[in-house]
Amino acid sequence: MTMGANVGDVNNDGYLDIYLGAGSPPYAALVPNILYFNHEGKYFTNITASSGTGSLQKGHGVAIGDIFNTGQPAIVVEQGGMGWGDKYYTALFRNPGTGNNWISIKIVGVKTNRSAIGARNKLIVQDKGHSTRPIYRDVTSGGSFGSSPLCQHIGLGKASQIDTLEIWWPTSNSRQAFHNVSPNQYIEVHEFAKEYTKLKRRPAPVLS
C-alpha cells in the first residue's frame, strides 16, 4: 500500500536503500512506513524498527538528501491522510552517521539542461581487499510523491579515494573524467570544464 517512495544511500556504503511511505485514504488503514537496507546489492533487510524511522501515520512524499551538510543523508517524510481527522506532522529523520566515506557532486549543464537532469555519473573506487568496484548514479528528481536534491550525494563505503569520476552528458553526448578525487568533500562540475571546483558547505544548525 505504498503511496510515496524514494531511494537513497542512508549509510553511505555505495548501495541505494529504499524508503516506502505506506497507507491508504480510509481512516482504518494502518500500515507502517518502511526502510529497507541494501546489502551490497544482493538483498534487502527491513530495518524500520532498529533505525527508528517507522510510523503508522500515512506516508506521502519522501525525500532523502544531505540536508544538514554533514555528509550524512537524512530522510524527510510528509505524513498524514487526506481527511481533516487524519492530519499529521512532517517527519525529519536525522542520520547519526556510520563512518563511511562519501562525495557530493553538483553538476551544471552548459549545452545540456542547467539542472543536468539525465546526466550519468560513474565512479570507480577501491573497495575492501583493494578490489575496484563501479558506482553508478543518474541525475533525476527522485521517486514517487517526492523528490530528492539534484546534487548527487554518493556513498563510497570505506574507499579512501575515487580512482575515476566520469560524467556523461546527454545533450552534448560528451564525457568528462577526473582522477584521484578525494572523498568527503563537496564539488561542482560544469559541462566541458577541465577541472572541478571545491565547494564550502557549513553544517546547518540543529535545534534540540
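The legends below describe several close-up views of this structure, which is a predicted model.

View 1. Gln79 belongs to strand β6, which covers residues 74-79, and with a relative accessible area of 4% Gln79 is buried. The side chain of Gln79 takes part in a polar contact of 2.4 Å with the side chain of Ser55, and a polar atom of the Gln79 side chain also lies 3.2 Å from the backbone oxygen of Tyr89. When residues up to four places away in sequence are left aside, the residues that Gln79 touches are Asn33, Ser55, Gln57, Lys58, Tyr88, Tyr89, Thr90 and Ala91.

View 2. Not counting residues up to four places away in sequence, Gly155 touches Asp9, Asn12, Asp13, Gly14, Asn101, Trp102 and Ile135.

**View 3. The nonpolar cores.** The largest nonpolar core is made of 20 residues, and those with the most contacts inside it are Ile103, Ile105, Ile107, Leu123, Leu156, Ile162 and Leu165. At least two residues of this core come from each of the strands β8 (101-108), β9 (120-126), β11, β12 (162-169), β13 (174-181) and β14 (186-190), and β12 gives the most, with four residues. Ile162 touches Ile103, Leu123, Ile124, Val125, Leu156, His179, Asn180 and Val181, again not counting residues up to four places away in sequence.

**View 4. An open sheet of four strands.** The strands of this open sheet follow the order β11-β8-β14-β15, and their pairing is mixed. The edges are formed by β11 and β15 (197-199), each of which has a single partner strand, so one side of each is left without a neighbour in the sheet. On average, and with direction ignored, neighbouring strands of the sheet are turned by 30 degrees against each other. The strands β8 and β11 run antiparallel and are joined by five bridges, and Ser104 stands opposite His153 of β11.

**View 5. The hairpin of β9 and β10.** The strands β9 and β10 form a hairpin in which five residues lie between them, and Gly129 in the turn has a positive phi of about 75 degrees. The two strands pair in the antiparallel sense over seven bridges, and Ile124 has Pro134 in β10 as its bridge partner. Strand β10, residues 132-138, has a covered face with Arg133, Ile135 and Arg137, whereas Thr132, Pro134, Tyr136 and Asp138 make up its uncovered face.

View 6. Side chains of opposite charge can pair when their charged atoms come close. Glu188 and Lys106 form a salt bridge in which the closest N and O atoms are 3.8 Å apart. This pair links distant parts of the chain, with Glu188 in strand β14 and Lys106 in strand β8, 82 residues apart. Glu188 is buried, with a relative accessible area of 16%, while Lys106 counts as partly exposed at 36% relative accessibility.

**View 7. Further salt bridges.** In the whole structure a search finds four salt bridges, among them the pair of Glu166 and Arg175, whose closest N and O atoms are 3.1 Å apart. Glu166 is partly exposed, with a relative accessible area of 24%, whereas Arg175 is exposed, with a relative accessible area of 56%. The side chains of Lys42 and Glu40 also meet in a salt bridge, with an N to O distance of 3.7 Å. Lys42 counts as exposed at 64% relative accessibility, and Glu40, at 37% relative accessibility, counts as partly exposed.

How values were computed
Residues are numbered from 1 along each chain as its sequence is written. This is a predicted model: local features need pLDDT of at least 70, side-chain atom pairs count only at pLDDT 80 or more; totals for chains, interfaces and linings use all residues. Side-chain values use heavy atoms; hydrogens and water are left out. Buried means under 20% relative accessible area, exposed over 50%, partly exposed in between (1.4 Å probe, protein chains only). A polar contact is a pair of N or O atoms within 3.5 Å; within protein, one must be able to donate a hydrogen and the other to accept it, and residues adjacent in sequence count only if both atoms are side-chain atoms. Contact means heavy atoms within 4.5 Å. A nonpolar core is a set of buried Ala, Val, Leu, Ile, Met, Phe, Trp, Tyr and Cys residues joined through side-chain atoms within 4.5 Å. Two strands pair if DSSP finds at least two bridges between them. Axes are lines fitted to C-alpha atoms, for helices over the stretch in contact, and angles run from 0 to 180 degrees between N-to-C directions.
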